[in-house]
Amino acid sequence: MNQLKDRFRNFMYGRYGLDTFGKCTITLGLASMLIAGWTSNSKLSLLSWLLIFYSYYRMFSRNIYKRSHENQIFLNKTAKIRTFFYRQKNQFAQRKTHHIYKCPGCKQKIRIPRGKGRIEITCPKCHTTFIKNS
């Protein structure tokens, strides 16, 4: 088993590997392959195979600079979407320990710990005070 790992490691040495853009293209390829199988759409099937082959081409490529540049362009284009989902995930994880209220004056989000009862909250941005249950 270790020989197989060593052979694969030696094979991948100097190659680009998997990145965020590669994960996205493989996921899109597999999803389109499933949809093409359900709908018997040959064009979508061809697209899915092209996406998967392109992903493997990028993964085994030795032109690391170019693949890294492609990934950086993808990350720049999807930054707002990824940030939105990261914030949603973070808020969902904190829902058991904190309340998140919006300031009535400036709409700034304020995080308040749960279980403190009825408290007066002062907005750090505009210094508006309001009362909420925590």
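Biologist: Which residues form a nonpolar patch on the surface?

Modeller: Leu34, Ile35 and Trp38 do, with about 380 Å² of accessible area together. Keep in mind as we go that this is a predicted model. Ile35 lies in helix α2, and it counts as partly exposed because its relative accessibility is 41%.

Biologist: Is Thr25, also in helix α2, buried or exposed?

Modeller: Let's read the number. Buried means under 20% relative accessible area. Thr25 has 5% relative accessibility, so it counts as buried. Its place is in helix α2, which covers residues 20-39.

Biologist: What does the side chain of Thr25 join up with?

Modeller: With the side chain of Ser55, through a polar contact of 2.5 Å.

Biologist: Okay, charges next. Why can two charged side chains pair up?

Modeller: The general idea is that side chains of opposite charge can pair when their charged atoms come close. Here, the structure holds four salt bridges.

Biologist: Let's take one. Which residue does Arg9 form a salt bridge with?

Modeller: Asp6, and the closest N and O atoms are 3.1 Å apart. Arg9 and Asp6 are three residues apart in helix α1 (residues 2-12), so about one helical turn separates them. Arg9 is exposed, because its relative accessible area is 55%, while Asp6, at 37%, is partly exposed.

Biologist: And how far apart are the closest N and O atoms of Arg58 and Asp19?

Modeller: They are 3.0 Å apart, in another salt bridge. This pair links distant parts of the chain: Arg58 is in helix α3 (residues 42-59), Asp19 is in the loop between α1 and α2, and 39 residues separate them. Arg58 and Asp19 are both buried.

Biologist: Where do Arg67 and Glu70 lie?

Modeller: Both are in helix α4 (residues 64-77), three residues apart, which is about one turn of the helix. Now step back: salt bridges that share partners join Asp19, Arg58, Arg67 and Glu70 into one network.

Biologist: Last one. Which residues gather in a patch of positive charge?

Modeller: Arg87, Lys102, Lys107 and Lys109, on the surface. Take Lys109 as your example: it is found in strand β2, residues 109-113. Its relative accessibility is 45%, so Lys109 counts as partly exposed.

Note on methods. Residues are numbered from 1 along each chain as its sequence is written. This is a predicted model: local features need pLDDT of at least 70, side-chain atom pairs count only at pLDDT 80 or more; totals for chains, interfaces and linings use all residues. Side-chain values use heavy atoms; hydrogens and water are left out. Patches are made of residues with over 30% relative accessible area and no salt bridge: like charges are joined within 9 Å, nonpolar side chains (Val, Leu, Ile, Met, Phe, Trp, Tyr) within 5 Å. Accessible areas come from the Shrake-Rupley method with a 1.4 Å probe; for residues, only the protein chains shown count as cover. A salt bridge is a side-chain nitrogen of Lys or Arg within 4 Å of a carboxyl oxygen of Asp or Glu. Lys and Arg count as positive and Asp and Glu as negative; His and the chain ends are not counted. The place of a charge is taken as NZ of Lys, CZ of Arg, CG of Asp or CD of Glu. Helices (H or I, at least four residues) and strands (E, at least two) are DSSP runs, numbered from the N terminus. Buried means under 20% relative accessible area, exposed over 50%, partly exposed in between (1.4 Å probe, protein chains only). A polar contact is a pair of N or O atoms within 3.5 Å; within protein, one must be able to donate a hydrogen and the other to accept it, and residues adjacent in sequence count only if both atoms are side-chain atoms.
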